[in-house]
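Reader: I am new to this structure and would like to learn how to read it. Could you walk me through it?

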Amino acid sequence: MAILELNHVSKSFGGLAANSDVSFRVEEGAIMGLIGPNGAGKTTLFNCITGYYSPTRGEIVFRGHRINGLQPDKVCKLGMVRTWQKVRPLTKLSVLENVMIGALCRTNSVKAARELAARQLELVKMENRADFLAGGLPIGERKKLEMARVLATDPQLLLLDEVMGGLNPTESDDIIQLILAIKERGITQVVIEHDMKAIMRVSDRVVVLNSGEKLAEGTPVDVVNNQLVIDAYLGKAISDGTV
Amino acid sequence: MGSRLSNIILLLTLAALFFFPRFVESPYAFHIMILLFLSTIVGTSWNIIGGYTGQYSIGHAAYFGTGAYVTMVLMKDKQIPPWLGVWAGVALVIIIALVIGSICFRLRGPYFVLASIAVAEIMRLSAMNLKELTNGAEGILATELPAFRIGGRVLTDFVSKTPFYYISLVLAVVTIVVAFLVLHSKLGYCFQAIREDQDAAHALGINPTFYKNAALVISAIFTGIAGGFYAIYVGFVDPATVMSLDISVQIVLVCIIGGIGTIYGPLIGSILIVPITEALRSNLIAEAIFKTGMVSQESHFGSFLKENLAHAHALIYGILVVLVILFMPEGVVGFQRKLWSKWNKGLG
């Protein structure tokens, strides 16, 4: 069953079409990779889906609700939450408090939120950082904090915007393990990523965007062998099987 | 250990403040203490919207003035005792806060600041021009207050300053306690999340408009009560003393100097500012200088001091703000925390 469905979604800013006529479905429990060159409209699409922008045309359906133009907080309450390409820690709050903010989406009790948040920190292996100020964390831990924070909102669908950007291979590997662990819990994920190795490893299906349009869709293997995708984005080496 | 120590200090301070009227007779000391509490109340309530939620309102005179005017007008025109009238003021202040919030919270950052100033100026000009209600620029003077009775027994007739002292002390304590409770509740966490990053908070299920309005209403309620108290205490309201931009700015400065976003910041800021400015305003400092004999009252410089030092409180504000911004950008409380953590690290 599709948990998220995009039907002919377009978004333009004045005359500039950032997304045009994008349609795809994300199956419940699956991981969907979203790739494409810089400026392809991946983040704009995330902004449309999570309510920061209202699509110019088309329809976004999440768990049977049409969510076009629904505010981000309502979208989050429905069970869909996103992370940010450029991480946004609440710098003057502690790591635990950051995660608590996510948990408070589901509870009014600060105490319950604290317990929930502590569990998420264990999942990302940051329980020893609980009392640190979020502003003082290095980038790898900021990305993990971002993951713990969205998990605390008890989502059914996660939209991860380049959670591996700027990380070293070990840190990236941690995140890949985390993404797979989240899948184990039955949470659906849409992952924007430039790291093709990671995309190949985690995705069940991949959608390729180019100049705002959907260029291709299929299994990771289909996509990397698609001539259009090779020309527009990947270049030759990857399809040769070096990955 | 640290929190135990601060609890003991807190209890001792409260006890000292409670028994203060037993040992002090000077009405002037009472006056300064009352102003200090008043400044703490408005600073603490500003802190809820400005410090916790990060929405720098420079228009809090609107709420202060509304509380003051409603209490005063109801007492003078309708003979409603102020301790009841102030609640009508609070009701009006809540409505005004919601109207201001629904308009201004569409704006962010500096645009919100400018809008808050504009709205407060509109309120001031209204007070100036709605002459039938507010008596315009001349203001309203109340020469006597109704006695406060419970079951026919006169509890106080408000002739001495003592009842005002206790009322303002209780209000200050209540405001600080409420601010503390708010900060440690879901509300407080949502406020702080919005302050730190509104978009990130929005994505995590926090409705920024709702929580900003909630913060503004809580803040406005206590500012309005303080306004009502001030009107009754001074016995006079006019647009210049309760609605001016000066008031709005002073409220913010108390917080900047003490430490924005901290529970005790507004209290510390008030302790630093209120006594000095009051002493300057009533020429106590000039007299003290003459007493030391360093400057003769008759000399050229002496008469200069006598004439001008009373107006120097604005200068003192200015100097304090510059010093704080240069050397303690997080206010006195922030500075003290930094020292404290350095000290602890040094020990460890």
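Author: Gladly; we will go through a sheet, a pair of helices, some domains and a chain contact. Please keep in mind that this is a predicted model.

Reader: Let's begin with the sheet. In what order do the strands of the open sheet in chain A lie?

Author: To read a sheet, list its strands from one side to the other. Here the four strands of chain A follow the order β2-β1-β4-β5, and their pairing is antiparallel.

Reader: Which strands stand at the edges, and why is one side of each left without a neighbour in the sheet?

Author: In chain A the edge strands are β2 (16-27) and β5 (65-66); each has a single partner strand, so one of its sides has no neighbour in the sheet.

Reader: How many bridges join β1 to β4 in chain A?

Author: Five bridges link β1 (residues 2-13) with β4 (residues 57-62) in chain A, and the two strands run antiparallel. You can follow this pairing residue by residue: L4(A) sits opposite F62(A) of β4(A), and L6(A) sits opposite I60(A) of that strand. As a general idea, side chains in a regular strand alternate between the two faces of the sheet.

Reader: What packs on the sheet?

Author: Helix α1 (residues 42-49) of chain A does, touching β1, β2 and β4 of chain A. The direction of this helix makes about 65° with that of β2(A).

Reader: And how do β4(A) and β5(A) pair?

Author: They pair in the antiparallel sense, over two bridges. One of the pairs is V61(A) with R66(A) in β5(A). The hairpin of β4(A) and β5(A) has two residues between the strands, and R63(A) takes a positive phi near 45° there.

Reader: Now the helices. At what angle do α2 and α10 of chain B cross?

Author: For two helices, look at how their axes approach and then at the angle. In chain B, the axes of α2 (residues 27-52) and α10 (residues 208-234) come within 8 Å and cross at roughly 165°. An angle over 145 degrees counts as roughly antiparallel, and α2(B) and α10(B) are therefore roughly antiparallel to each other. The crossing of α2(B) past α10(B) is left-handed.

Reader: Which residues meet there?

Author: From α2(B) they include I34(B), L38(B), W46(B) and Y52(B), and from α10(B) they include L216(B), F222(B), F229(B) and Y233(B). Sorted by class, this contact of α2(B) with α10(B) has 16 nonpolar, three polar and no charged residues.

Reader: How is chain A divided into domains?

Author: Domain 1 of chain A covers 2-79 + 155-242, and domain 2 covers 88-154. Their C-alpha centres lie 24 Å apart. Across the boundary, 10 residues of domain 1 of chain A are in contact with nine residues of domain 2 of chain A. On the domain 1 side, α2 and α6 (169-184) of chain A each give two or more residues, and α6(A) gives the largest share, three residues.

Reader: Finally, how many residues of chain A are in contact with chain B?

Author: 23 residues of chain A are in contact with 17 residues of chain B. In chain A, α2 (72-78), β6 (80-82) and α3 (95-103) each supply at least two residues of the side touching chain B. That side of chain A has 11 nonpolar, five polar and seven charged residues.

Notes: Residues numbered from 1 in each chain as written. Chains lettered and ligands numbered in written order. Predicted model: local features only at pLDDT ≥ 70, side-chain atom pairs only at ≥ 80, totals over all residues. Pairing = 2+ DSSP bridges. Contact = placed C-beta atoms within 7 Å. Axes fitted to C-alpha atoms, helices over the stretch in contact; angles between N-to-C directions. Parallel < 35°, antiparallel > 145°, perpendicular 65-115°, else oblique. Left-handed = near helix turned anticlockwise from the far one by under 90°. Nonpolar A, V, L, I, M, F, W, Y, C, P; charged D, E, K, R; others polar. Domains from an automatic or database assignment.
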